[in-house]
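Please find below a colleague's note on the structure shown here.

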Amino acid sequence: MMECIVHFDVVHPNQVKELRGLIMLEAGKAPTEADFLSMFKDMGYELRLSDKEKLVFTPLNANADYKEIRIRKLDTGEDSYVEDRNLKSVISNLLPPQSKPL
């Protein structure tokens, strides 16, 4: 098992709070949507994944005091994932939508 520290922002109407959470994973595995939702639920956030590409979650309760939660960084102690949106955009525009066998 390995620890994955999840760095995220809770976006309130007039401020953004930077928080962290913890997910335990099997070595070499990446967190899934269910892992994120479970971690957030344990922290008291009832959410749904609203943008899979940008890892943005929105509250299930319309009366929540925050607008959304955005994951900024995943840190496993070895490799850390920080989304580079510009690089991702360039790569997605250069690569064909799906690879075809020759």
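Is Phe40 buried or exposed, and what is its relative accessible area?

1. The model under review is predicted. In this model Phe40 has a relative accessible area of 0%. The residue is therefore buried, since the cut-off for that class is under 20%.

2. Five aromatic pairs are counted. One of them joins Phe36 and Phe57 in an edge-to-face arrangement, with 6.0 Å from centre to centre and 65° between the planes. Because Phe36 belongs to helix α1 (residues 33–42) and Phe57 to strand β4 (residues 56–59), this pair ties together parts that are 21 residues apart in sequence. Both partners are shielded: Phe36 is buried at a relative accessible area of 4%, and Phe57 is buried at 0%.

3. Phe57 also pairs with Phe40. Their ring centres lie 5.2 Å apart and their planes meet at 65°, so this contact is edge-to-face. Since Phe40 is in helix α1 and Phe57 in strand β4, the pair ties together parts 17 residues apart in sequence.

4. These contacts belong to a wider group. Ring pairs link Phe8, Phe36, Phe40, Tyr45, Phe57 and Tyr66 into a cluster.

5. A separate point concerns the surface. Met1, Ile5, Leu22 and Met24 make a nonpolar patch of about 400 Å². Among them, Leu22 is located in strand β2 (residues 16–25). Leu22 has a relative accessible area of 45% and is therefore partly exposed; this value meets the patch requirement of over 30%.

Note on methods
Residues are numbered from 1 along each chain as its sequence is written. This is a predicted model: local features need pLDDT of at least 70, side-chain atom pairs count only at pLDDT 80 or more; totals for chains, interfaces and linings use all residues. Side-chain values use heavy atoms; hydrogens and water are left out. Patches are made of residues with over 30% relative accessible area and no salt bridge: like charges are joined within 9 Å, nonpolar side chains (Val, Leu, Ile, Met, Phe, Trp, Tyr) within 5 Å. Accessible areas come from the Shrake-Rupley method with a 1.4 Å probe; for residues, only the protein chains shown count as cover. A salt bridge is a side-chain nitrogen of Lys or Arg within 4 Å of a carboxyl oxygen of Asp or Glu. Helices (H or I, at least four residues) and strands (E, at least two) are DSSP runs, numbered from the N terminus. Buried means under 20% relative accessible area, exposed over 50%, partly exposed in between (1.4 Å probe, protein chains only). Rings of Phe, Tyr and Trp (its six-membered ring) pair if their centres lie within 6.5 Å; planes under 30 degrees apart count as stacked, over 60 as edge-to-face and the rest as tilted.
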